[in-house]
There are 2 protein chains.
Amino acid sequence: MREHFDEELAEIKDDLVELCALTEVAIDRATRALLDTDLTAADRAAELNADIDIRGRELDHRALTLIARQQPVALDLRALIGGMHNIADLRRMGSLAAHIAEVARLHHPEPVVPFELRAIISDMGVAAAAQAAAAREVLRTRDEAAALDLIWVDERTDELLRRLFAATKGDDWLYGAASAVNITLLGRFYERFCDHTVEISRRVIFVITGEFPDE
Amino acid sequence: MREHFDEELAEIKDDLVELCALTEVAIDRATRALLDTDLTAADRAAELNADIDIRGRELDHRALTLIARQQPVALDLRALIGGMHNIADLRRMGSLAAHIAEVARLHHPEPVVPFELRAIISDMGVAAAAQAAAAREVLRTRDEAAALDLIWVDERTDELLRRLFAATKGDDWLYGAASAVNITLLGRFYERFCDHTVEISRRVIFVITGEFPDE
């Protein structure tokens, strides 16, 4: 009984790691759709979102069933309940990547990102994919130091977002209100995507220690 | 033992209902801060957010402890795990109300909302507060029909958001890019606030029936 339970628990953890890996690919494709006005990449981001959603729901169900049947306590219980919350974050990350891809699709074949902002959006895309990769490693290793690192890294991403918003609000903004709106939404989608990786890290610390880190 | 468990479960449910009531007040104060350039209302929204956060965390801990100690199954287990997810949504709703209030504060004493958009923002504020109130009733009564109603009501709120975004993107937008950015963020904050009430409703249906409603 216990052996079977440990196996199930390990499988759920592996599938969570895999789900997180899919969000990394999704945000990468979304950024590509945006910067290269690439519809195939936009399609791929949307497909990955659908896939993350279905797999996430199925995984959520397995975690709940395992709690109900095996009545775990302490670390195992925190891992399963924390895992269910992480699934919710990962599903949301998939949606945010799909939102970004959808902005690219809606404006196709026009580029959404003005030339001067390409570098900063590209940096945000790289940062978001790197944070998803780091979250995947945190889920895999349950390493507290790595989880705390990710929380710090997110501060740098926030700084990118401040620069992006400052650009759209400057007096020298040349691209009109509609473009400022798009850039604001895109910035917000990347920011929220990254915020969810921080939530996952905080929750892994909770799973390990039983306590959330200070905000 | 069982009697004590039922009491604890009922208390957690009551506190969840109360937490939801606080989000309703928070979004109302945030809208007032925005439309009346009222700093006291902005302060109140920020305080409520802090309060929701602290209470939410404490409630989350109680729910987890109860699962670990009493090892509930079926409806009770779904109610506790669903409750923990609902707490996460309610905390996020508090943050979103605080974000809205913060936009008002940053621009004080200048009004953030152009005259022509006051009516639509006011409608969104009313809709968001009404959805929080409806979510509170769904949490209290666990009425499936009321939960499904709330999911439908949200479509009307999405329509308000589409009108708001269309205004900022129109050729006749007079207020510049910076203002368009503010309106976009505000619209998005209201939209997300309302989305979380839908999540809560969907989850209450899951608690009652063991199945999520179709999207």
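First, the conventions. Residues are numbered from 1 along each chain as its sequence is written, and chains are lettered from A and ligands numbered from 1 in the order in which they are written. Since the model is predicted, local features need pLDDT of at least 70 and side-chain atom pairs count only at pLDDT 80 or more, while totals for chains, interfaces and linings use all residues; side-chain values use heavy atoms, with hydrogens and water left out.

I start with the annotation. An unreviewed UniProt entry puts "domain: PhoU" at residues 17-103 and 121-204 of chain A; positions follow the numbering used here, feature names are shortened, and such annotations may be inferred rather than shown by experiment. Residues 17-103 of chain A are 93% helix and 0% strand, with end C-alpha atoms 28 Å apart.

Next, packing. Within chain A, α1 (residues 2-35) and α3 (residues 74-107) pack at about 20 degrees, axes 9 Å apart. Axes are lines fitted to C-alpha atoms, for helices over the stretch in contact, and angles run from 0 to 180 degrees between N-to-C directions. So α1(A) is roughly parallel to α3(A). The contact has 19 nonpolar, four polar and two charged residues. Classes are: Ala, Val, Leu, Ile, Met, Phe, Trp, Tyr, Cys and Pro nonpolar; Asp, Glu, Lys and Arg charged; the others, Gly among them, polar.

The cut-offs are under 35 degrees for roughly parallel, over 145 for roughly antiparallel, 65 to 115 for roughly perpendicular, and oblique for the rest.

Last, the backbone. Which peptide bond is cis in chain A? The one from His108(A) to Pro109(A), with omega near 5 degrees; Pro109(A) sits in the loop between α3 and α4 (118-141) of chain A. In chain B, the bond from His108(B) to Pro109(B) is also cis, with omega near 5 degrees. Gln71(A), not a glycine, has a positive phi near 45 degrees, and lies in the loop between α2 and α3 of chain A.

Note on methods
Helices (H or I, at least four residues) and strands (E, at least two) are DSSP runs, numbered from the N terminus.
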